[in-house]
Amino acid sequence: MPAFSTSAPGKVILFGEHAVVYGQPAIAVPVKEISAKVIASPLINASRGVIRIEAPQVSIDSDMAELSDTDPLAAAVRATLKALEIEQPPAFKLHISSSIPLAAGLGSGAAVSVAIARAVSAFIGKPLPDERVSAIAFEVEKLHHGTPSGIDNTVITYKKPVYFVRGEPIQTFQVAVPFSLLIADTGIPSPTRIAVGDVRMALESEPERFDKIFRQIGEIAKKAKNAIEAGENQKLGSLMNENHGYLKEMNVSSAELDKLVEAAQAAGALGAKLSGGGRGGNMIAVVNTNDFEAVEKAIQAAGAKGMIRTTVQ
Ligand code: PMV
């Protein structure tokens, strides 16, 4: 059996995080500059069913049987074998690596699961279709997020900009005029589960206020889709600023995120907001090519720990 190597991109949410968990639309795009990579290769001389997992960045070098049921790497492999209806595969080894920062709102968990599902199913000789790959990554997300909307696994599996509504079939759309994004890291890890849990509690104590915020964010996501399809990138920027305001009202921003967002806005970005679960992780800014350097400098001075440039097209 030959070795198989697969990779899956990172992602950012442009509009609608948190509100998407409660049925509002959201927009996410793949970020191809960062990725998770998985190589599946035969384990010579090992008996059937033995699966070795090597993930040096998280200090894992073990037989899968030694990893707990809640380990996300083992969970992705087990879910893939279950989808393939295989109990005793030929012995193989998975080497897992990723350039996607962990717990930063860039989809590292979903990207690793997608790459595992693709590598394992290709190695076994039965590559799974996108729909099944996405479903496997969603199952693994549930272990850690509790109530994921499904947006991460969807955008990462299909590698296209998506307009996502929980529980509905995937909708893609055309980007009329490509636009550039600057993604900047606060350097503060922020597990999504905690921010999502806090929003749920806040919703329970102030249902009317939060329902209203969610609906307003949903309206922004709808307008943003129209703006992207019409090539109105200036408008896209103002919608981002507006969306960030609502995320602040929901208490999922932080002083560090606000500082980066404000620095980008003051240095000439068309718009900026936090992206993903919030509290820490990354912010994004839509920036005209000519203003990139000025915005990068300003964000750096405001404390960014890392930056990625990407183009949405
Ligand atoms: O922090 P991330 O990028 O994994 O995204 C979380 C997005 C939320 O809307 C907050 C949660 C979800 O499951 O959609």
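**View 1. The largest cavity has a volume of about 60 Å³.** Here a cavity is a set of points on a 1 Å grid over the protein atoms alone where a 1.4 Å probe fits but cannot get out, and its volume is the space filled by probe spheres set on the points, which are joined across faces, edges and corners. Searching the whole structure turns up one cavity of 30 Å³ or more. Please keep in mind that this is a predicted model: local features need pLDDT of at least 70, side-chain atom pairs count only at pLDDT 80 or more, and totals for chains, interfaces and linings use all residues. Residues are numbered from 1 along each chain as its sequence is written, and side-chain values use heavy atoms, with hydrogens and water left out.

**View 2. Who lines the largest cavity?** Lining residues have an atom within 4 Å of a point; among them are Ala103, Ala104, Gly105, Ser190, Thr192 and Asn282. The lining divides into two nonpolar, ten polar and no charged residues, with Gly counted as polar and Ala as nonpolar. Domain 1 (4-164) and domain 2 (174-312) each supply at least three residues to this lining; the domain bounds come from an automatic or database assignment.

**View 3. Domain 1 meets domain 2.** Their centres, taken over C-alpha atoms, are separated by 26 Å. The contact (heavy atoms within 4.5 Å) takes 28 residues from domain 1 and 46 residues from domain 2. Between them the two domains bury about 2,800 Å², 69% of it on carbon and sulfur atoms; this is the accessible area (1.4 Å probe) lost on being put together, summed over both. On the domain 1 side, Phe15, His18 and Tyr22 lose the most area to domain 2, together 26% of what that side buries.

**View 4. One salt bridge is counted between domain 1 and domain 2.** A salt bridge is a side-chain nitrogen of Lys or Arg within 4 Å of a carboxyl oxygen of Asp or Glu. Take a look at lysine 273 and glutamate 17, which form a salt bridge with their closest N and O atoms 2.9 Å apart.

Definitions and conventions:
1 Å grid on protein atoms, 1.4 Å probe; cavity = no way out; pocket = protein on both sides within 12 Å on 5 of 7 lines; lining within 4 Å.
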